[in-house]
Amino acid sequence: MGAGPRDQVRGAADQLIGELVHLTVTGLLVASLLALGAVGLSLTFGVARFANVAHPDFMMLGAYATFAFNALAGLPFGWSALLGIAGALLVGVPVARLAYDKLPVTGTVQLLVISIGVSFILRHAVLLVFGSSLLQFAVPLQRPYVWGPVRLTVYQILTLVVAAVLVLGVHLLLSRTRLGRTLRAISDNPVLTEIAGADVSRARLAMWTIAVLLASAGGILFGLNLVIQPNMGWDLVIPIFAAAILGGIGNPYGALGGALVIGLVQEWSTLVIPAAYKEAIAFTAMALCLMFRPRGLWGGA
Amino acid sequence: MTEYLVALATIVGIQILLTLGLTLHYGTTGLVNFGHVAFYALGAYASALLTLAGAPFLVAMAVGVVLAVLASALVGVATLRLREDYFAILTLGFSELLRLLLLNARDLTRGALGIPGIPRPWTHLPGVPDHVAYLGLVLIAVVVAFVLSAVLTRSPLGRTLRAIRDDDQAAMALGKDVLRFRLTSLAWGAGLAAVAGSLWAHYVTYVVPDQFTPEITFYTWMAMIIGGPGSMRGAVWGTAILMVVLEGTRFAKDVIPMLDAPRLAALRQIVIGLGLIVMTVYVRKLGGRGRPRTAPATVGA
Amino acid sequence: MRLNRRQFLATSLAGSAVALAGRRVAHAQAETLRIGVLTPLTGGGAVYGTTMSRMYTLLAEEINKAGGVAGKQIQLFTEDDQTNPDAGVRGARKLVDVNKVHAILGTWSSAVTLAVAPIAVQARIPQFCVSSSPVISTFKDDDFLYRTAYSQAVIASVYATTAQKLGFKTAALLILNNPYGIGLGDSFPDRFAKVGGQVTGKVIYNPNQSSYRSEIQQALAGKPDVILFGGYTPDGIQVFKEWFQLGLGGTWMGPGFAFDQKFVQGIGAQAAEGIIVVEGAPNLQSSAYKNADKLFRAAHKEEADFFAAMAYDHLMVVALSVLAAKGDTAGDAIKANIRKVTNPPGKVVGSWAEAAPAVRAGEKINYEGASSAIDFDDNGDAKTDFGVYRIKAGKWALDRVIKFGELQTS
């Protein structure tokens, strides 16, 4: 007695469910990394009112700084990560302040072009120092924990947790603290907020710090799970912008939602389109969103 | 020395065509096109594939131009109604999407293998070395393109485009179909870029998707900014100056022995990045006639 | 990531400077054998390109000291192809247009070789490569393109034979989107089927993707016994890591140039344990190898590996061909003499000291090379032997040698 047609269908259904679960898990992982970039981008896009194309390069800074401490200086990964974030802040925040807050330009196009310049400089400076090859942290490879179709290594679980914690932290900051209120106010109406006496300059400093912190953490997790290379941030510009735009610019919680949508749709799509075209999903989502719902799925500034 | 000058002039000529097209887009019409390399790529690939299939050179180039114009219409209709920064991001994404397609549509484009052995047109003029004859071809193209662009900008069409650049609401109020004019500008610039792409493909006799990265677009932006974004003559000498200045970085190899070819390339990219930032700050013409714009221009958004 | 036009000009200027210098000493230029060395000095193939470049230099020195080739000194012009066809084409254009070389030696990556070959063919000069794409065998090169390395079609037979001997019945392919990877993907399934095996899944990946999890999971759904890898070291580390982190089964098998020490360091000796490595084996018994090894050790304190051996063979074959053509350096003349000096019958020789006098005396020689017997078939391919290794405690341990003649499935 062989497997009857009902068993075959059930077997095929099981396999499909298993695949879907696996793709969903991968999608969540991708979303976590995207969220750490998109939330900060949405914040700065809303508060500083320009598209910072160099934002994902802050992720790259975090990864390379950590690499320097970990693989080059030989420190254990945990400490290297903390030092890496510190390093990224020490470089990224002054660069952002100088390039975007202190130069005598206003207007979205000028700042956009300047951010292109910043991205060029950051990426190729890293290339000059570290070379163009793909790098890894000095961390042993991990076998995954397996629960049915779910396979996750401890670092991947860490990624999900850290992303959730940091995004929650930003949420609390924006909703419960005075700084958060100031940032939201500037996002809604910068002129009025300044007239009302808020220290806009200090708020912007805090904004950049939050953005670089989130991004560098994302970059470290990216390097931990995948690879470190000079274009690791630049390659994510479209997906991160897509996530931020889907969520509504200036709406950091929306950015998390946007990241989830992009991450999940991207991975699920591999069931129907060749995996090589995955990257096209984010662009298409962004284009469709801007054409039909420019304020994002959840509405933004 | 002559071989070097001929090579230099040929490449400057091809780049001038790109800059002229971008000047039409941004300088004349105010379109922040970050995807210019896509039109370049379409011209190059169309010309390569068709000449290898036996088509005459000019026919192949013409098909490339048509493809680029169609692509510009597609992109334009979808995105020209949006804010400048969204338009910029989308055009950037479009050029990367095209590169992804070129990389993965192996049956059509040979993907990452690239297309070698592209034939040179009319290479055999009696008494004239091949590379000089090709330079002649490029120079003819540049002269024609320059005259065309100059005529365009001085024409009523050009005046309308500039009016749209400066204040599209007013232009609309005067009854101008802003979208149609912008599409026209986009098409002309795309066509010029396609001609440049075709000339490039037949010059180096090899095309591969990796040649068509956003770096080319921003290099063109740099050339345009140096010459002053609104002027066709500026496009020509801005390109020439950029080339000459960057050639100087080659001598860095003699002074700093650690620099090999990829590191030298990285250094040049840093120079371009710095240049973009510096020029954006000091060239007031960005944002239209010296008035830095704080509010994004939109049409019916 | 490159600024193509900049580097195009850079190489042109450098070349023009050399040509300028050459023009002043016009008669000296006419009396040299100009060899273009086009190898990867940076990028994924840098280790091998550097080794080959060193060997070309050492051998050229030895021949020049012995009086050169028919009175002509060998002049080497070296360009870095950056393991990248774009840079390779620019380098080749400069070598051909500006330096007017008589031969191009050393292209390593198949993509580079295939992009450069039309330039060599158009210039009617021979090109010697160490690339493995099967396409090179049948490339319309008017007999100007030669290779001393194995074709992926041949190594696919080695993989199939090895898999069969080790009892593997099912395989999945993880291959890079480039001529070498795709060549392996095309060649392996049939050969594996001939020994009773089955390919259950295939992934063609691009480097620098942000994740390979989904693709690997899908390709390995059939739970293969062996995972055949067709890529290079940097992307290999990333793909292996993704596979390892998915906790899927199977043993990895792949080429030596991917599973080198850097790879082992990248994934850790423990994870690397048991990986099967296949690489070309040099022709250790030949006097050519012994000479090449002696030269290399004296200068660099390391033994001559497969790539150094092949470089030695490239330059020897070209030099001997020019000698047999009585000093004629035209591409067609060299081409006409290649098989005359390499293929049997004839006096077996391996070093310049042995071979040159015989050729000058008009004897027919049969050059037996350092990397293989160097008998070029009609396609310009040589037949090499193979070594199969397993990684034990972080190092390659020889499992067996497979001679070319043993391969029934090629």
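This is a predicted model: local features need pLDDT of at least 70, side-chain atom pairs count only at pLDDT 80 or more; totals for chains, interfaces and linings use all residues.
In chain B, 13 helices and two strands are assigned. Of the 301 residues in this chain, 62% are buried. Contacts in chain B between residues at least 6 apart in sequence join, in 78% of cases, residues that are at least 24 apart.

The largest nonpolar core of the model comprises 178 residues. The residues with the most contacts inside this core come from both chain A and chain B: Tyr100(A) and Met286(A) on the one side, and Phe34(B), Leu199(B) and Trp221(B) on the other. When residues up to four places away in sequence are not counted, Trp221(B) touches one residue of chain A, Val113(A), together with Leu22(B), Tyr26(B), Val32(B), Asn33(B), Phe34(B) and Leu276(B). Another core, of 114 residues, lies apart from the largest one, and includes Val37(C), Phe168(C), Ala171(C) and Phe188(C). In soluble globular proteins, nonpolar side chains tend to be buried together.

The size of an interface is often expressed as the accessible area lost when the parts come together. For chains A and B, the buried area is about 3,700 Å², and carbon and sulfur atoms account for 79% of it. One salt bridge is found across this interface. The salt bridge joins Arg123(A) to Glu215(B), with 3.8 Å between the closest N and O atoms.

Several local features were identified in chain C. Glu31(C) is located in the loop between helix H2 (26-30) and strand E1 (32-39). Glu31(C) has a relative accessible area of 47% and is therefore partly exposed. Neighbours within four places in sequence aside, the contacts of Glu31(C) are with Gly71(C), Lys72(C) and Gln73(C). Glu31(C) and Leu228(C) are 197 residues apart along the chain, and their C-alpha atoms are separated by 49 Å.

Two residues of chain C other than glycine have a positive phi: for Lys223(C) the value is near 50 degrees, and for Ile374(C) about 50 degrees. Lys223(C) is placed in the loop between helix H9 (213-219) and strand E8 (226-230) of chain C, whereas Ile374(C) lies in the loop between strand E12 (365-367) and strand E13 (385-392). With a relative accessible area of 68%, Lys223(C) is exposed. Ile374(C), by contrast, counts as buried because its relative accessibility is 0%.

A cis peptide bond, with omega near 0 degrees, runs from Pro344(C) to Pro345(C). Pro345(C) belongs to the loop between helix H15 (331-342) and strand E11 (347-349) of chain C.

Notes: Residues are numbered from 1 along each chain as its sequence is written. Chains are lettered from A and ligands numbered from 1 in the order in which they are written. Side-chain values use heavy atoms; hydrogens and water are left out. A nonpolar core is a set of buried Ala, Val, Leu, Ile, Met, Phe, Trp, Tyr and Cys residues joined through side-chain atoms within 4.5 Å. Buried means under 20% relative accessible area, exposed over 50%, partly exposed in between (1.4 Å probe, protein chains only). Contact means heavy atoms within 4.5 Å. Buried area is the accessible area (1.4 Å probe) that two parts lose on being put together, summed over both. A salt bridge is a side-chain nitrogen of Lys or Arg within 4 Å of a carboxyl oxygen of Asp or Glu. Helices (H or I, at least four residues) and strands (E, at least two) are DSSP runs, numbered from the N terminus.
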